[in-house]
Amino acid sequence: MNELERQLHYPLGDTLPAPGRTVEVAPGVHWVRMALPFALDHINLWLLRDELDGRTGWTVVDCCISRDEAKAQWEQLFASAFEGLPLLRVIVTHMHPDHIGLAGWLCERWSTPAQPCRLWMSAADYHLARIGSAGSNGFGGDAAALFFAAHGLRDPVSMAKIRERASYYPTLVPTVPRQYRRLMDGDVLTIGGRSWRCISGYGHAPEHIALHCAELRLLIGGDMMLPRISTNVSVFEMEPEANPLRLFLRSIDRFLELPADTLTLPSHGKPFTGLHTRVAQLHAHHQARLAEVLQACRSAPRSAADILPILFPRPLDLHQTTFAMGEAIAHLHALWFDGQLQRLQDDDGVLRFRAPALS
Ligand SMILES: [Zn+2]
């Protein structure tokens, strides 16, 4: 546990749900943990006892990526944790594969002609997931490689691998239901007889939905509020002049309106209290990174690739490099939009950012 983590509190200690099992974290709210084959090796999902259209059953928040191991774990849960009741609806916090991957499978498996098991999520994320899962039009591939090249990533091996990754999203998210129910900021859902309010967040996904239950003093934070790692905040090829870091920092300030003793259920890591402390830590983290980037750009104009070693001193694999590039661009853009950096395109086609020298 690092210094910052010690400032947070983990009321469940080292308890983790075993594969195919749940841990009840509040009345009717159950924690499920599934393995992921990535550096980030797990995701938390939440199973909520519910009643919908007169039927008793379950609502799930997030799904895991599509793969056989995850489906097998779901089958185990249907048998052991569902108490013979059906899945009534699937809420998805945002469109990243670990969250939406199996939504199509779950909705199809539990829908009947009379009773659909509906996907509920924000419109922005729903539509982007549809585009991504359609394949050819998706993310990665040549356009992503060109975008990273313009930001200074020129190593041919990485470029070739990024080009090959066009099928990455549809592999993990093979289907997205053709119909959904739209969630918007401020919407109040009744889940298990209690009110849960949707809180939209930006900067990590187009429109991430967190869910707050005042009665249970519980926040399903998704990826917007993680205890140990900082949420990925990246610029992507589809929106090359985006300023997601400002959006993210503004979004997490919304959590300061919630009671300080709120138990936060994050998508990665353990349930924690210390929400306001965590918001302050994340501001401090990004302010420190921004100061380093600004400093580096004072001595010479820098591309995003140039500042990777500053932001990420450890060696990165390709998957991490693409995330890191997106993060580096996000930090440069925050300073650019703030007027502290200027952006130039050099004769070699690379975008570099320059700070006016201190006088
Ligand atoms: Zn995410």
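Colleague: In which helix is A330 found?

Modeller: This is a predicted model. A330 is found in helix α12, which covers residues 318-337.

Colleague: Is A330 buried or exposed?

Modeller: Buried means under 20% relative accessible area. A330 has 0% relative accessibility, so A330 counts as buried.

Colleague: Which residues does A330 touch, not counting those up to four places away in sequence?

Modeller: A330 touches V233, S234, V235, P244 and L245.

Colleague: P244 and L245 bring up helix α9. Which residues of α9 are buried?

Modeller: In α9, residues 244-253, the buried residues are P244, L245, F248, L249, S251 and I252.

Colleague: Why do the buried residues of α9 line one face of the helix?

Modeller: The general idea is that an α-helix has 3.6 residues a turn, so residues three or four places apart point the same way. Seen down the axis of α9, the buried residues fall within an arc of 160°, so they line one face.

Colleague: What covers the buried residues of α9?

Modeller: The cover includes β9 (194-201), α10 (275-299) and α12. Helix α12 is where A330 is found.

Colleague: Now a strand. Where is T264, and is T264 buried or exposed?

Modeller: T264 lies in strand β12, residues 263-266. Its relative accessible area is 0%, so T264 is buried.

Colleague: Which residues is T264 in contact with, leaving aside neighbours within four places in sequence?

Modeller: T264 is in contact with L219, M225, P271, F272 and L275.

Terms used
Residues are numbered from 1 along each chain as its sequence is written. This is a predicted model: local features need pLDDT of at least 70, side-chain atom pairs count only at pLDDT 80 or more; totals for chains, interfaces and linings use all residues. Side-chain values use heavy atoms; hydrogens and water are left out. Helices (H or I, at least four residues) and strands (E, at least two) are DSSP runs, numbered from the N terminus. Buried means under 20% relative accessible area, exposed over 50%, partly exposed in between (1.4 Å probe, protein chains only). Contact means heavy atoms within 4.5 Å. The arc is that of the directions from the helix axis to the C-beta atoms.
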